[in-house]
Amino acid sequence: MNSNPYQAPQSNQLTDVDASDELMFYVVSKRKFLVLFVATLGLYGVYWAYKNWQRYKAVSNEKVIPILRGFFQIFFTHSLFMKVQASLEKRGVDFAWSAKGHATWLVILLIISNLLDRLAMKSIGSPHTDFASFLIMIPLLLAYLKAQEAINRACGDAQGTSNDHFTGANLAWIAFGLILWGLSIYGVLNPT
C-alpha cells in the first residue's frame with residue numbers, strides 16, 4: 001500500500017493488447033444477429049461487415065475504408081476472417097472452422113444470392129428465382145452465424161452478451177425490414 005493519500009487508487013486494468021483484442025471486431029449475440037438479418041432480408045450482413053471493419057480500423061489504425069468493405073464484402077471477407085483467425089490464435093482460443101474455407105463459402109453464397117436477386121428483379125425464371133432468393137437466406141444466415149461465433153470468441157464474449165439487447169435503431173430497422181418483407185411478398189404474389 002502506498003502512503004501517499006493523494007495518489008489515485010490502483011486497479012487491475014487491462015493492458016493495451018488485451019483491450020485491443022476485445023474491441024477488435026463487432027460483437028453481437030446470435031439471437032440479435034438472426035432477428036436483424038431475417039427482418040432486413042439480409043441487408044444486416046452489409047452493416048455487419050461495415051461494423052467489423054470499422055472496429056478493426058479503430059484498433060489497428062490501418063488505412064481501410066469500412067463503408068466500402070461493407071458494401072463490397074465479397075472482396076474483403078477472406079481478409080476479415082484471416083484477421084479473426086489470427087486473433088483467435090493470439091488469445092489461444094480453439095475454434096472449429098477453417099477461416100479461408102468459411103470465407104470462400106460465404107462469398108459463394110453472396111454471389112449466388114446477388115445473382116438470384118438480379119434474375120428475380122428482371123422476372124427471369126419467376127417465380128422460381130423469387131423463392132430461391134428467399135431460400136438462399138438460410139445458408140447465408142448459417143454462414144454468418146458461424147463467423148459471428150468466431151468473432152465473439154476472438155473478442156472474449158462467446159455468447160455476445162455485451163450486444164444482445166435491441167436498441168431503438170434496431171427496432172427501426174426491423175420495422176423497415178417488415179415493410180420490405182411485405183413489399184417482397186406482394187411482388188412475388190402479384191407479378192406484373
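The model is predicted. Follow the chain along its sequence and the pattern reads α-α-α-α-α-α-α-α-α. Of its 192 residues, 37% count as buried.

**Stop 1: the salt bridges**

How many salt bridges does the structure hold? The count is 3.

Select Lys30 and Glu149. These two residues form a salt bridge, and their closest N and O atoms are 3.2 Å apart. Lys30 sits in helix α2 and Glu149 in helix α8, so this pair ties together parts of the chain that are 119 residues apart in sequence. Now colour by accessibility. Lys30 is partly exposed, at 39% relative accessibility. Glu149 is buried, because its relative accessible area is 17% and buried means under 20%.

Arg153 counts as partly exposed, with 31% relative accessibility.

Show Lys30, Glu149 and Arg153 together. The three are linked in a network of salt bridges.

Next, select Arg31 and Asp164. Their side chains meet in a salt bridge, 3.2 Å from N to O. Arg31 lies in helix α2, while Asp164 lies in the loop between α8 and α9, so the pair ties together parts 133 residues apart in sequence.

**Stop 2**

Ile138 counts as exposed, because its relative accessibility is 51% and the cut-off for exposed is over 50%.

**Stop 3**

Two packed helices are described by the angle between their axes and the distance between the axes.

Select residues 128-135 for helix α7 and residues 168-189 for helix α9. Their axes come within 10 Å of each other. They cross at roughly 150°. That makes α7 roughly antiparallel to α9, since angles over 145 degrees count that way. What is the handedness of the crossing where α7 passes α9? It is left-handed.

**Stop 4: the backbone**

Most residues other than glycine have a negative phi, and most peptide bonds are trans. The next selections depart from that.

Go to Ser126 and Pro127. A cis peptide bond joins them, with omega about 0°. Pro127 is in the loop between α6, residues 99-121, and α7.

Move to Leu41. Its phi is near 55°, a positive value in a residue other than glycine. Where is Leu41? Look in the loop between α2 (30-39) and α3 (44-60). Leu41 counts as partly exposed, at 22% relative accessibility.

Then select Asn61. Phi of Asn61 is positive as well, near 60°, and this residue is not a glycine. Asn61 is found in the loop between α3 and α4. Is Asn61 buried or exposed? It is exposed, with a relative accessible area of 63%.

**Stop 5: a nonpolar patch**

Which residues make the nonpolar patch? Select Ile65, Ile67, Leu68, Phe71, Phe72 and Phe75. Together they make a nonpolar surface patch of about 650 Å².

Zoom in on Phe72, one of these residues. Phe72 is found in the loop between α4, residues 66-71, and α5, residues 77-91. Its relative accessible area is 45%, so Phe72 is partly exposed.

Key. Residues are numbered from 1 along each chain as its sequence is written. This is a predicted model: local features need pLDDT of at least 70, side-chain atom pairs count only at pLDDT 80 or more; totals for chains, interfaces and linings use all residues. Side-chain values use heavy atoms; hydrogens and water are left out. Patches are made of residues with over 30% relative accessible area and no salt bridge: like charges are joined within 9 Å, nonpolar side chains (Val, Leu, Ile, Met, Phe, Trp, Tyr) within 5 Å. Accessible areas come from the Shrake-Rupley method with a 1.4 Å probe; for residues, only the protein chains shown count as cover. A salt bridge is a side-chain nitrogen of Lys or Arg within 4 Å of a carboxyl oxygen of Asp or Glu. Helices (H or I, at least four residues) and strands (E, at least two) are DSSP runs, numbered from the N terminus. Buried means under 20% relative accessible area, exposed over 50%, partly exposed in between (1.4 Å probe, protein chains only). Axes are lines fitted to C-alpha atoms, for helices over the stretch in contact, and angles run from 0 to 180 degrees between N-to-C directions. Angles under 35 degrees count as roughly parallel, over 145 as roughly antiparallel, 65 to 115 as roughly perpendicular and the rest as oblique. A crossing is left-handed if the near helix is turned anticlockwise from the far one by less than a right angle, and right-handed if clockwise.
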